[in-house]
Amino acid sequence: MAVYKLKTPISEEEIRKLNVNDVLYVSGTMVTARDQAHRRALEYFKQEKPLPINLEGLAVFHCGPIMKKEGEKWFVVAAGPTTSTRMDIFEDEFIKSFKVRVIIGKGGMGNRTTEAMAKYGAVYGAFTGGAAILAAKAIKSVKSVEWLDLGMPEAMWILEVEEFGPLTVAIDSHGNNLFEDVKRKVEENRQKIYQKFGLSP
Amino acid sequence: METVNIVENVAFNLLKQAVIYLPEDVKQALQKAYAEETSEAGKTQLKAILDNVELAEKYQAPICQDTGTIIFYVKAGAEAKNLDKIEEALIKATRRATVEVPLRPNSVNPFTQKNSGDNTGRLIPYVNWEIVLGDSIELTVMPKGGGSENVCISGMLVPGEGIKGLKKFVVDAVLKAGAKPCPPNILGVGIGGGSDIAMKIAKKALLRPLNVPNSDPEIARLEKEILEAVNMTGIGPMGLGGKTTVLGVNINYAYRHPASYPAAVAFNCWAARRATARIGADRKVEYLTHKVE
Ligand code: SF4
């Protein structure tokens, strides 16, 4: 297990050094995106419309934050990760189109995303579910908000972060998926538990 | 001050304490899990949880963005006064806590999908009543997270399979839940009564501190055995692998109908929040789970 501290924009070469189980901290620019922001970004891409921000080398956070506006400035109240599997249907195209390098969320992602990460060079960083204060404290400022018409949780929040983490690299750019590995082992353990505790039918 | 106002104030304080400070027994269990966890990813996650718990205390902010559905347990002394005013006081306290702590608005009309915005609505906050001897009122609040609630399960087991069937039911529930309920979890297991009763007592079992063993040694042994079994799954903290999937198993039971074996598993996440206080007839307030300045 190695610990990496990377600053955006992150290059493909840098991200390919990471392996599952490594710990990653990200500094620089991170944008939030849930289902709707993913969908809109991909529509823009299809129509060759530029995004509000160039996402190449940046980190994307699956998060619907609670924000507060004081005067003209936005502040983060809470910003924990949301379940990533909902974004599985968009993420391969998203990685391919925008060359983001780090996807952050909880619960892991599936095969399509894993393949895209291997092909185009990106990783999935698992952030601790519920750890909203840890996340909020690493967010130094809200640079801007785009697509607020989607609602506060679904909008694209552009954030300045400092050592955002710890992120467990759960999918690397070499085709490894820690959540899938764990699931396989857990399935094997099922039989062992049934046997040891006399639960077999 | 009027008793009703005291109840409102105490309930507000309990809500605030509960969402900011984890109970000491849960914190200790997490620390112990961190010391003993051997999986690297699991250890990283437990460390992040402990850091988050510490930051929440330091900044007086909720430990998790999901401050849950608000559930109260009231032990009302049969001779206590103004019991008819308590529910109103609890609703007011919930509204105030939503603004002042703040809590995330988590109360949605299931038909219109409209969020009430203040954590109240029909039957919410939910109040569980129990009448006890004496003239004091004991209030407990349990802000219950949605992610762990989503994997709670109840079922009707085959009576002939007895405890063996029960063990398998709990193990299967944990295997099915996987990473979803933000493990490590605490399990409340309810047996008997009927399908509603089993879930109700399962959830109530979550109120028992992790360092208080079951008063029945046979059931205490069963709790240990199930704990060992579910921690063999290897799901680990946040489902990233490891030996800490569950911090504790608390069993609660009622007698059952000869033909049925109702069972329920209530999941709590690592953010296992609860707080209790007692209000005496002399209006003296004693906080039982948290220290207040
Ligand atoms: S399951 Fe618990 S820890 Fe996870 S997000 Fe929900 S309330 Fe927070």
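With which residue does B:Glu149 form a salt bridge, and how far apart are the closest N and O atoms? In this predicted model, the partner of B:Glu149 is B:Lys203, and the closest nitrogen and oxygen atoms of the pair lie 2.8 Å apart.

Over all chains, the count of salt bridges comes to 34. In general terms, side chains of opposite charge can pair when their charged atoms come close. Within chain A, the side chains of A:Glu12 and A:Arg16 form one such bridge, with an N to O distance of 3.0 Å; A:Glu12 is partly exposed, with a relative accessible area of 35%, and A:Arg16 is likewise classed as partly exposed, at 24%. Another salt bridge is formed by the side chains of A:Arg190 and B:Asp172, with an N to O distance of 3.4 Å. A:Arg190 lies in helix H6 (residues 178-196) of chain A and B:Asp172 in helix H6 (residues 162-177) of chain B, so this pair joins two chains. A:Arg190 is buried, with a relative accessible area of 19%, while B:Asp172, at 22%, counts as partly exposed. Both residues also take part in a network of salt bridges that links A:Glu187, A:Arg190, B:Lys168 and B:Asp172.

The ligand is surrounded by 13 residues, of which the closest are B:Cys64, B:Gly145, B:Cys182, B:Cys269 and B:Arg273. Because residues from chains A and B surround the ligand, the site is shared between chains. By class, the shell comprises six nonpolar, four polar and three charged residues. Within chain B, at least three residues of the shell come from each of domain 1 (3-21 + 63-145 + 273-287) and domain 2 (147-268).

Strand S5 (residues 185-191) of chain B is mostly covered, seven of its seven residues being buried. In a regular strand the side chains alternate between the two faces of the sheet. For S5(B), both faces are covered: B:Asn185, B:Leu187, B:Val189 and B:Ile191 are buried on one side, and B:Ile186, B:Gly188 and B:Gly190 are buried on the other. The strand pairs in the parallel sense with strand S6 (residues 246-253) of chain B over seven bridges, and B:Val246 is the bridge partner of B:Asn185 in S6(B). With strand S7 (residues 261-268) of chain B, S5(B) pairs in the antiparallel sense over six bridges, and here the bridge partner of B:Gly188 is B:Ala266.

A search of the whole structure finds zero disulfides over all chains. A:Cys63 is in no disulfide, the nearest cysteine sulfur being that of B:Cys64, 11 Å away; A:Cys63 is buried, with a relative accessible area of 1%. For B:Cys152, the closest cysteine sulfur is in B:Cys269, at a distance of 10.0 Å, which is too far for a bond, given that the two sulfur atoms of a disulfide must lie within 2.5 Å. B:Cys152 is also buried, with a relative accessible area of 19%.

Terms used: Residues numbered from 1 in each chain as written. Chains lettered and ligands numbered in written order. Predicted model: local features only at pLDDT ≥ 70, side-chain atom pairs only at ≥ 80, totals over all residues. Heavy atoms only, no water. Near = heavy atom within 4 Å. Nonpolar A, V, L, I, M, F, W, Y, C, P; charged D, E, K, R; others polar. Domains from an automatic or database assignment. Salt bridge = Lys/Arg side-chain N within 4 Å of Asp/Glu carboxyl O. Buried < 20%, exposed > 50% of the residue type's maximum accessible area, 1.4 Å probe, protein only. Helix = DSSP H or I, 4+ residues; strand = E, 2+ residues; numbered from the N terminus. Pairing = 2+ DSSP bridges.
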